[in-house]
Amino acid sequence: MHARAVRFTDVSPERINEVVSRVQESEGPPPGVESSAMKLLVDESQSTAIFIAFFDTEEQMRAANSVFEQMDAGETPGSRASVDMCEVKIERSAD
């Protein structure tokens, strides 16, 4: 499994609400993005957010990166501070 993690700064509650609404209204990821899951973590006290998209393969992650890089800044939670493209080494859930 692979993950693309993006850290955003200058995040406002209004922008988060817009992103959440847009995702809830969509029928899935944007064209060209074959993600298996996604998570949005928000720290309102620091006005930051981390968006993590998960992919079954590195190729899917890299293809999606091209799509995400083309996104208009107005479609994101804030200012993009960093992008990490990772292999997931540990995943554990409490069941």
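**Reading strands, helices and rings**

Mentor: Let's start on helix H1, where the face turned away from the buried side carries the exposed residues Glu14, Asn17, Gln24 and Glu25. Keep in mind that this is a predicted model.

Trainee: Happy to. Which residues of H1 are buried?

Mentor: Arg15, Ile16 and Val19 are the buried ones in H1.

Trainee: What makes the reach of H1 close to the expected one?

Mentor: H1 spans residues 13-25, 13 residues in total, and reaches 18 Å from its first C-alpha to its last. The expected span is 1.5 Å times one less than the number of residues, and for H1 that comes to 18 Å as well.

Trainee: Now the sheet. What is the order of its strands?

Mentor: The open sheet has four strands in the order S2-S3-S1-S4, with antiparallel pairing.

Trainee: Why are S2 and S4 said to stand at the edges?

Mentor: Strand S2 (37-43) and strand S4 (79-87) each have a single partner strand, so one side of each is left without a neighbour in the sheet. From one strand to the next, the twist averages 15°.

Trainee: How do you know that S2 and S3 pair?

Mentor: Two strands pair if there are at least two bridges between them; S2 and S3 (residues 48-55) are joined by seven and run antiparallel. They also form a hairpin with four residues between them, and serine 47 in the turn has a positive phi of about 55°. On the S1 side, seven bridges join S1 to S3, again antiparallel.

Trainee: Why is leucine 41 called partly exposed?

Mentor: Buried would need under 20% relative accessible area and exposed over 50%; leucine 41 has 43%, so it counts as partly exposed. Leucine 41 lies in strand S2, and its bridge partner in S3 is isoleucine 50. Beyond its sequence neighbours within four places, leucine 41 is in contact with Thr48, Ala49, Ile50 and Ile52.

Trainee: Phenylalanine 51 also lies in S3. What is its class of accessibility, buried or exposed?

Mentor: Its relative accessibility is 18%, and the cut-off is under 20%, so phenylalanine 51 counts as buried. S3 is mostly covered, with seven of its eight residues buried. Phenylalanine 51 is the bridge partner of valine 6, and leucine 40 stands opposite phenylalanine 51.

Trainee: How many aromatic pairs does a search of the whole structure find?

Mentor: One. Phenylalanine 51 and phenylalanine 68 form it, in an edge-to-face arrangement.

Trainee: Where does H2 lie?

Mentor: Helix H2 (residues 58-69) lies across strand S1 (2-9), S3 and S4, running at about 170° to S4.

Key. Residues numbered from 1 in each chain as written. Predicted model: local features only at pLDDT ≥ 70, side-chain atom pairs only at ≥ 80, totals over all residues. Heavy atoms only, no water. Helix = DSSP H or I, 4+ residues; strand = E, 2+ residues; numbered from the N terminus. Axes fitted to C-alpha atoms, helices over the stretch in contact; angles between N-to-C directions. Contact = heavy atoms within 4.5 Å. Buried < 20%, exposed > 50% of the residue type's maximum accessible area, 1.4 Å probe, protein only. Phe/Tyr/Trp six-rings, centres within 6.5 Å; stacked < 30°, edge-to-face > 60°.
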